[in-house]
Amino acid sequence: MNNRLLIIGGLTSLALVLVIAYLVGFWAWIFLGVVALLLVALAIWDTTQRKHSILRNFPVVGHMRYLLESIRPEIQQYFIERNVDGKPFDRDQRSLVYSRAKGQDDHKAFGTERDTNRIGYEFLIHSTAPVPTPQPLPTVRVGGPDCRQPYDLSLLNISSMSFGSLSKNAVLAMNKGAGLGGFIHETGEGGLTKFHRGNGADLFWEIGSGYFGCRTEDGHFNPERFAEKATLPEVKGITIKLSQGAKPGLGGVLPAAKVTPEIAEAREVPVGVDCISPASHSAFHTPRQMVRFIGQLRELSGGKPIGIKFCVGSRTDVLAMCKAIWAERIAPDYIIVDGSDGGTGAAALEYQDNVGTPLTEGLMLVHNALVGTGLRHMIKIGAAGKIISGSDIVKRLIQGADFTLSARAMMMATGCIQAQKCHTNHCPVGVATQNERLMRALDVDDKANRVHNYHKLTVREAVQIMASMGVSSPSQLTTRMLRRRVDHLTTRSYASIYHWLREDELLHEPPRGWDADWREADPDHFGEHAPISYLQGDGPRWRTELTVETSALSLRDLEIAERSKDSDGEGAPEEPDAGTRQPERVPVGAGRGSGGTGPDSAGGRGPGQGAGQNAAEGGGQGSDEGSPQPRTGGEPPVRDAAPAAQGTEMNRGTRRAETGSTPVVSDAPRPEGRPGS
């Protein structure tokens with residue numbers, strides 16, 4: 001039926017075109033002839049190419065599939081999805097930013113569209129006796145006992161976004177907006193640039209592992225260059241970036257072709273040379289070295305606030321930092337917790353979806369760690385990651401933050417439409433691109449006013465919500481004021497869902513659940529290094545009870561009895577007949593062969609089992625029972641290696657050549673997206 005309709009529709013369309021051509025005249029026939037020849041050429045090309053199977057089977061008409069696929073995001077976003085369906089920000093959230101940025105009415109009629117009975121739904125508790133909205137709006141003082149130039153932060157600030165990742169017009173607009181509103185603009189690890197200065201904005205200069213703007217020629221930290229910029233009057237604080245929420249544990253490679261003269265000037269790197277941002281810092285490698293580095297930056301900057309920013313990974317690492325702070329008596333003035341639900345200009349999907357701790361859990365972990373170690377009173381905490389509304393700010397303050405930062409909301413205030421093309425250099429509104437033609441559409445002065453409006457109205461709404469909750473200061477918020485639906489019949493407050501540590505609790509009596517991590521935390525090591533218990537000791541044995549039909553003893557007593565009998569010589573096995581060859585019993589895990597496989601290889605390996613048999617059977621070097629070998633992770637895979645059965649060089653070359661029209665990916669470092677990512 002479908003084919004018949006397709007044929008009928010095609011013939012009808014062809015007849016209509018021919019009638020129109022007949023009525024128009026000679027030139028219409030020429031035009032149709034040219035179109036027909038082009039379609040024939042396209043059909044020949046489609047049937048002979050080897051890259052797209054659809055086009056080989058359905059020449060010409062198969063292009064319609066790719067055309068519709070290219071506009072699928074726009075169709076989905078503007079015509080199909082509901083107001084609360086879009087990701088990462090739904091239409092209601094985007095509309096809220098746009099309306100506030102333009103100074104328009106941001107109210108909505110007829111009630112919420114959210115499913116308030118959904119498990120995980122969270123809501124704030126209002127007071128029966130609300131208080132007046134405090135004036136002026138509250139701020140947060142950042143500066144520990146060693147800070148000589150403390151700074152008062154707004155409850156909402158611009159999170160780190162580098163020039164290169166953003167266009168110069170977007171950086172200028174955000175910077176001017178921050179100057180108008182009196183809140184912080186964090187520079188991003190791309191460096192302190194000329195576009196961040198001269199607009200009246202206060203800055204937090206972020207320093208990443210590439211040390212852009214304060215680096216030596218070989219990419220290491222340069223104290224002299226740092227001191228020159230850190231003492232500038234508009235620089236109010238310095239943030240050491242350890243990791244980013246959307247791609248924790250990753251560095252970046254800015255390809256040589258994307259290192260333009262402006263970006264090279266900002267980052268102090270050569271033009272046309274690969275710009276490497278390593279995964280970890282070269283200035284320090286342990287928690288103790290990190291806090292010493294904090295002390296060094298504080299002195300070089302003249303006593304300005306120094307902080308660190310990271311996405312929480314191992315709780316052991318966070319506790320190791322706390323131990324290092326106590327050991328060296330050097331503390332950061334603030335810690336910014338970046339959640340894995342934060343954004344990025346470019347990252348692998350696996351990292352965005354599966355690596356890193358979400359902001360809620362990471363924020364509470366850092367807050368608890370600082371409280372439990374007696375450090376919370378001197379270190380302020382910032383929260384960054386998908387903060388867009390006043391209620392988001394209040395929620396993060398309840399969960400342990402003192403202030404918040406937002407990146408994508410500020411991008412939307414600057415004109416971003418969530419096209420999700422940041423890594424392609426084709427941002428349609430000129431926010432995340434270095435294309436001069438596209439970025440000229442972004443009017444700096446107009447968008448600066450929008451950034452200012454959005455910040456002012458959102459912070460005002462956050463303070464109004466707190467007043468509705470009966471508090472006039474963020475310090476009065478408690479974990480009882482935020483509730484979460486845990487099942488269809490029950491809601492519970494954060495105070496009852498989560499365990500909140502008491503002051504100095506980790507120093508005196510670590511609670512269960514924290515004690516193991518606290519013991520393992522080492523100020524001289526990052527990472528979890530506690531041994532795995534089942535890999536230690538004298539290795540696995542056969543279960544003794546399998547050799548006994550019945551026994552009234554417990555398993556532990558039975559094992560003791562069996563060992564006693566063996567030591568007394570009782571129960572020893574009879575010697576086999578000389579003419580009968582008994583198979584040699586090989587303790588599981590006793591040896592490792594380079595070519596053999598264990599008896600359980602087909603079904604997987606259990607804890608402590610070896611990968612091979614003894615040396616005689618597997619061809620490798622065995623070991624005595626009771627002497628476990630270190631874990632090696634097995635043999636590393638060889639890229640493009642041919643199977644052993646086809647191990648000739650000719651076969652390998654033939655297999656590598658059969659790639660069709662798709663090129664083989666090179667072994668060069670993978671660029672992490674577009675400029676500045």
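The model is a predicted one. Its largest pocket holds about 2,100 Å³ of space, and a search of the whole structure finds 10 aromatic pairs.

**Largest pocket**

- The largest pocket, with about 2,100 Å³ of space, is lined by 48 residues, of which Gln93, Arg114, Ser389, Ser391 and Asp392 are the closest to its centre.
- Two or more lining residues come from each of α6 (91-101), β1 (122-124), α13 (359-372), α14 (390-398), α17 (444-468) and β14 (482-487).
- Helix α6 contributes the most to this lining, with six residues.
- Sorted by class, the lining comprises 22 charged, 14 polar and 12 nonpolar residues.

**Aromatic pairs and cluster**

- Among the 10 aromatic pairs is that of phenylalanine 221 and phenylalanine 293, which is edge-to-face, with 5.1 Å from centre to centre and 80 degrees between the planes.
- Because phenylalanine 221 lies in the loop between β6 (202-207) and α8 (223-230) and phenylalanine 293 in helix α10 (residues 287-300), the pair ties together parts that are 72 residues apart in sequence.
- Phenylalanine 221 counts as buried at 12% relative accessibility, as does phenylalanine 293 at 4%.
- Phenylalanine 293 also pairs with phenylalanine 284; the ring centres are 5.6 Å apart and the planes stand at 40 degrees, so this pair is tilted.
- Both phenylalanine 284 and phenylalanine 293 are buried.
- One aromatic cluster is formed by Trp205, Tyr211, Phe221, Phe226, Phe284 and Phe293.

**Charges over rings**

- Arginine 65 is placed over the face of tyrosine 66, 5.0 Å from the ring centre.
- Lysine 323 is placed over the face of tryptophan 518, 4.6 Å from the ring centre.

**Buried residues in helices and a strand**

- Alanine 413, in helix α15 (residues 408-413), has a relative accessible area of 1% and is therefore buried, the limit being under 20%.
- Beyond its neighbours within four places in sequence, alanine 413 is in contact with Val97, Ala101, Lys447, Arg450, Val451 and Tyr454.
- Alanine 413 and arginine 100 are 313 residues apart in sequence, yet 8.3 Å apart in space from C-alpha to C-alpha.
- Serine 406 belongs to strand β13 (residues 403-406) and is buried at 4% relative accessibility.
- Not counting residues up to four places away in sequence, serine 406 touches Leu156, Asn157, Ile158, Ser159 and Ile387.
- Arginine 267, in helix α9 (residues 261-267), counts as buried at 4% relative accessibility.
- Arginine 267 and glutamate 189 are 78 residues apart in sequence and 9.1 Å apart in space, C-alpha to C-alpha.

Methods:
Residues numbered from 1 in each chain as written. Predicted model: local features only at pLDDT ≥ 70, side-chain atom pairs only at ≥ 80, totals over all residues. Heavy atoms only, no water. 1 Å grid on protein atoms, 1.4 Å probe; cavity = no way out; pocket = protein on both sides within 12 Å on 5 of 7 lines; lining within 4 Å. Points joined across faces, edges and corners; volume = space filled by probe spheres on them. Helix = DSSP H or I, 4+ residues; strand = E, 2+ residues; numbered from the N terminus. Nonpolar A, V, L, I, M, F, W, Y, C, P; charged D, E, K, R; others polar. Buried < 20%, exposed > 50% of the residue type's maximum accessible area, 1.4 Å probe, protein only. Contact = heavy atoms within 4.5 Å. Phe/Tyr/Trp six-rings, centres within 6.5 Å; stacked < 30°, edge-to-face > 60°. Lys NZ or Arg CZ within 6 Å of the ring centre and 35° of its normal.
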